[in-house]
Amino acid sequence: MFFEQYATEHFFDEMFDADGKVRPHYQAIFERLTPLSVDNFEQKRQAVDLSFLRQGITFTVYGDEEGTEKIFPFDLMPRIIPKTEWEFLERGLTQRMQALNMFLKDVYSEQRIIKEGIIPASYILSGKHFRREFMNVEVPRDIYIHICGTDLIRDDAGNYLVLEDNARSPSGVSYLLENRQAMKRAFPNFFPKAGVRPVENYSEELLKTLQYVAPYGKENPVCVLLTPGHFNSAYFEHCFLARQMGIEIVEGSDLVVRDYKVYMRTTQGLQQVDVIYRRIDDDFIDPSVFRPDSMLGVPGLVNALRAGNVNIANAIGTGIADDKLIYAYVPDMIRFYMSEEPILGQVETFFASEDDDFKYIMENLDQLVVKSANEAGGYGMLIGPKATKQEVEDFRALIKSDPRNFIAQPPIMLSRHPTWCDGDFEGRHVDLRPYILSGEKTSIVPGGLTRVALKKGSLVVNSSQGGGSKDTWVLYSDS
């Protein structure tokens, strides 16, 4: 009864094909939902919301007049990925992660990719997150990105495309894990039969990754999670992950550097720290090297890193791999470092800093998606076809004032997914953020965080912009 009026329209729909037939891997959940009444479904949804509220599963919206702490909206209709499709994504994401780590090792040492003319030097050296202070600093195992959240979308033909890489400090994995628990509570009898791969071992794999990259291959290294504190938008996640891994969560004032080694203050005295999983931006991590006004970081931390006595995950300087200009060159990185063709496609990108591209962007601004090169969370973005004339003109002025800071892309009609909206299912646009761990091996939690644009017609899925999330099921089979 729920899907009688459901319309895929002209979008690629995750659950229904173009003829309105249920895709094979959605058949089981379709049959499970069919006998439910609206009241039954609403009761389950409200129970999940109440559970999230009681557990404090929230995020922070800065500057929101209604209060900053909000429950992360959760939609009970799961996104489902069949086995073969997931295996393809795993291959593509693993390849991409390897290339990005090779790129970071190169740009902070030999810079072959610049010398051989693959990426213009100006694009890298002018990058907001390129850290000259990190040049020629060796990192354990040559791994720079230990945790990556790569955002994937699907176009109107169902092809997966990489939208961006989040290599600095990707957030959201705690919601992925909590979403799974919520689904198990909502459908306790159905879930064991659904053939869904588990995600619960993510925290264990994350801890193994951190331990693997300890300096000198140290056994039983001491790992900590460094947080900016409870005012940070992702503080719930910081506490959640530290608790799940069984490691200490610390703030900058809890750490001290002595003789190029990092120590944690404890009730028993100072304890040496080997690996820091940092959730603080580079700018604030060490006031003696970066921003001197930072109260969040640890003075002397970079010197301890250079001396090889501590490791930081993710490494300082990984933000250059997040730069949206550099994003456009990832396929070239894969060919250059790995002599392979990219498995995953990505979105065509125009550079406002290039004369021909600049002219094209200016002439077609109302038809393009424009993004700031280093913003995240849906900020600093113009969706031309949905913008007002004034918004277009405001962005035109911004681009002219700082062309290096903007790229433009053709709008991609993200795939849609049935989503519960005011008592019925309607199509809403979704993306997918898988979480990739690079340690002794590359591992990807089977699924990821499916984010959904809850506003009708919106293409912006970020929670800070009114988006929500779904549980993501990766099946053991193709149906």
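**View 1. Y435, a buried tyrosine.** Y435 has a relative accessibility of 1% and counts as buried (under 20% relative accessible area; exposed is over 50%, partly exposed in between; 1.4 Å probe, protein chains only). Y202 is buried too, at a relative accessible area of 2%. The model is predicted: local features need pLDDT of at least 70 and side-chain atom pairs pLDDT 80 or more, while totals for chains, interfaces and linings use all residues. Numbering runs from 1 along each chain as its sequence is written, and side-chain values use heavy atoms, with hydrogens and water left out.

View 2. Two rings of Phe, Tyr or Trp (its six-membered ring) pair if their centres lie within 6.5 Å; planes under 30 degrees apart are stacked, over 60 edge-to-face, and the rest tilted. The count is 26 aromatic pairs. One of them joins Y175 and F236: it is stacked, with 6.1 Å centre to centre and 20° between the planes. Y175 belongs to helix α6 (residues 173-186) and F236 to helix α8 (residues 235-245), so this pair ties together parts 61 residues apart in sequence. Helices (H or I, at least four residues) and strands (E, at least two) are DSSP runs, numbered from the N terminus. Both partners are buried: Y175 has a relative accessible area of 8%, and F236 has 14%. Y202 and Y435 form an edge-to-face pair, with 6.5 Å centre to centre and 70° between the planes. Y202 lies in helix α7 (residues 202-212) and Y435 in strand β20 (residues 435-438), so the pair links parts 233 residues apart in sequence.

**View 3. An aromatic cluster.** Eight names make up this group: F2, F3, Y6, F16, F30, F41, W420 and F425 form one aromatic cluster. Its members include F2 and F3, and also W420 and F425.

**View 4. Arginines over aromatic rings.** A charge sits over a ring if NZ of Lys or CZ of Arg is within 6 Å of the ring centre and within 35 degrees of the ring normal. The charged end of R131 sits over the F290 ring, 5.3 Å from its centre. R141 lies over the face of Y212, at 3.9 Å from the ring centre.

**View 5. Helices α13 and α14, roughly antiparallel.** The axes of α13 (residues 355-363) and α14 (residues 389-401) come within 11 Å and cross at roughly 170°. Axes are lines fitted to C-alpha atoms, for helices over the stretch in contact, and angles run from 0 to 180 degrees between N-to-C directions. The two helices are therefore roughly antiparallel (over 145 degrees; under 35 is roughly parallel, 65 to 115 roughly perpendicular, the rest oblique). The crossing is left-handed, meaning that the near helix is turned anticlockwise from the far one by less than a right angle; clockwise is right-handed. F358, I361 and M362 of α13 make the contact (heavy atoms within 4.5 Å) with R396, I399 and K400 of α14.

**View 6. Helices α7 and α8, roughly perpendicular.** The axes of α7 and α8 are 9 Å apart, and the helices pack at an angle of about 80°. That makes α7 roughly perpendicular to α8. On the α7 side are Y202, S203, L206, L207 and L210; they meet L241, Q244 and M245 in α8.

View 7. D156 is in the loop between β4 (147-154) and β5 (160-166). D156 is exposed, with a relative accessible area of 55%. Not counting residues up to four places away in sequence, D156 touches F12 and M413. A387 is in the loop between β16 (381-383) and α14. At 22% relative accessibility, A387 is partly exposed. Leaving aside neighbours within four places in sequence, A387 contacts L382 and V392. The C-alpha atoms of A387 and Q367, 20 residues apart along the chain, are separated by 9.4 Å.

**View 8. Backbone details in loops.** A cis peptide bond joins A313 and N314, with omega about -5°. N314 lies in the loop between β12 (311-313) and α11 (324-327). N136 is not a glycine, yet has a positive phi of about 60°. N136 sits in the loop between α5 (121-125) and β4 and is exposed, at 59% relative accessible area. Y216, also not a glycine, has a positive phi of about 60°. Y216 is in the loop between α7 and β6 (223-226) and counts as exposed at 68% relative accessibility.
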